[in-house]
Amino acid sequence: MVKLRLRRAGLPIAVSAVVAAVAVAGTIIANGTAGAGTTVRSDPRAVAIQQAAADARKHAVPKPATEARPRAALAATNERAFGDLTGDGKADLAAIDSSGMLWVYPGKQYRWDGTGTRSTSLFSPRIQVGRGWGKFTSLLRHGDINGDGRQDVLVRDAQGALFLYPGTGNPAAMLGKGVQVGSGWGGFTSITSAGDLNTDGKDDLLGQKSNGELLLYTGSGNVTTPFGRGRVIGTGWRGSLLTAIGDWTYDERTEFFFRNDVGYVRNYESKSGEFPIGKAENVLEPAAGNFLINMVGMGDLTSDVDFEPIPDVLMQGKDGSLVLYTWDWAPASAEATKIGSGWATYRIF
């Protein structure tokens with residue numbers, strides 16, 4: 001295991017922690033299967049980080065959650081705990097293999113008590129969920145579109161049609177039948193479920209075009225047409241992998257990762273108002289950013305036991321590696337940990 005601290009607050013990492021993490025030998029998850037109960041030996045760098053974490057916990061006070069308005073209470077709760085497909089309250093991983101088979105890897109939501117070495121065995125054995133998913137060009141699962149308190153899945157096909165697969169919370173049948181809820185979505189380089197950006201209790205959608213326009217589609221509350229007309233809320237968004245990562249700032253709105261056309265991966269804070277995308281901070285430099293083929297906001301996969309859950313991000317490298325990007329006790333202490341390899345033929349979401 002490698003745990004390398006990634007510096008945020010506008011400071012790009014001097015040496016690519018992600019590239020370093022994926023270069024380390026030691027597969028924890030191979031060929032899309034999850035190990036059980038795997039632990040790893042301490043690394044001197046990990047020991048140093050753990051000691052720094054212990055020192056920081058003596059002084060750090062996590063930002064309290066904002067009291068949700070009544071009409072947005074359910075959406076705010078979902079923003080804290082998104083990523084659960086099995087209905088057990090824990091964030092899960094979904095992946096499509098080269099044959100188009102959809103698998104879900106139930107998360108264990110590993111809780112670290114601050115002593116010893118963290119486990120990197122984060123998932124239970126996978127469950128087959130469906131077939132024929134290889135035809136979709138975008139796969140999104142951060143949002144409760146029908147308002148029933150369960151995470152749903154949105155997908156886009158090659159013709160630009162948008163389909164909703166409602167979550168059931170039943171491990172034996174996690175998704176309901178897909179229903180088309182839109183068309184004309186083929187012109188976007190990236191689309192991502194945005195959570196409830198305007199705090200009206202309805203989950204929204206963001207679309208990023210190749211010309212750099214960023215459009216916001218606010219939730220309508222109507223399951224058959226779940227989003228209103230899009231409006232431009234930003235320009236200069238040239239790049240790819242726009243990804244909702246969850247609420248890192250405890251304002252009931254998600255934050256976003258985005259890789260620009262140079263290769264920098266940046267974290268964008270959300271904010272209130274007509275233009276809800278706030279300031280950007282460099283997270284990864286181009287050497288690491290251009291190595292990625294995917295980023296997924298996972299919900300809380302692993303966290304410190306004495307803090308409220310904080311969402312994590314899973315990054316997929318060109319070599320098939322999986323790297324977990326996480327922080328639990330201070331934004332400047334984010335860590336990149338290799339948790340798997342053999343995923344080159346999978347599309348994760």
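## Pockets and cavities

On a 1 Å grid over the protein atoms alone, a pocket is an open set of points with protein on both sides within 12 Å along at least five of seven lines, a cavity is a set of points where a 1.4 Å probe fits but cannot get out, and lining residues have an atom within 4 Å of a point. This is a predicted model, in which local features need pLDDT of at least 70, side-chain atom pairs count only at pLDDT 80 or more, and totals for chains, interfaces and linings use all residues. Residues are numbered from 1 along each chain as its sequence is written, and side-chain values use heavy atoms, with hydrogens and water left out.

## The largest pocket

The volume of the largest pocket is about 510 Å³, where a volume is the space filled by probe spheres set on the grid points, joined across faces, edges and corners. Its lining consists of 26 residues, and those nearest the centre are Leu 139, Leu 140, Ile 191, Asn 294 and Met 295. Two or more lining residues come from each of strands E8 (136–140), E12, E16 (239–246), E20 (292–299) and E25 (347–348). Strands (E, at least two residues) are DSSP runs, numbered from the N terminus.

Sorted by class, eleven residues of this lining are nonpolar, twelve polar and three charged. Here Ala, Val, Leu, Ile, Met, Phe, Trp, Tyr, Cys and Pro count as nonpolar, Asp, Glu, Lys and Arg as charged, and the others, Gly among them, as polar.

## The cavities

There are three cavities of 30 Å³ or more in the structure. The second largest cavity holds about 40 Å³ of space. Among the residues that line this cavity are Leu 85, Val 104, Met 174 and Phe 349. Its lining has nine nonpolar residues, no polar and no charged ones.

## A four-stranded sheet

Four strands form an open sheet in the order E12-E13-E14-E15, with antiparallel pairing. At the edges are E12 (188–195) and E15 (231–234), each of which pairs on one side only. On average, neighbouring strands of this sheet are turned by 30 degrees against each other, direction ignored.

Two strands pair if DSSP finds at least two bridges between them. E12 and E13 (residues 204–209) run antiparallel and are joined by six bridges. Thr 192 has Leu 206 in E13 as its bridge partner.

## Thr 326

Thr 326 belongs to strand E23 (residues 322–326). This residue counts as buried because its relative accessibility is 6%, and buried means under 20% relative accessible area (1.4 Å probe, protein chains only).

Note on methods
Buried means under 20% relative accessible area, exposed over 50%, partly exposed in between (1.4 Å probe, protein chains only). Axes are lines fitted to C-alpha atoms, for helices over the stretch in contact, and angles run from 0 to 180 degrees between N-to-C directions.
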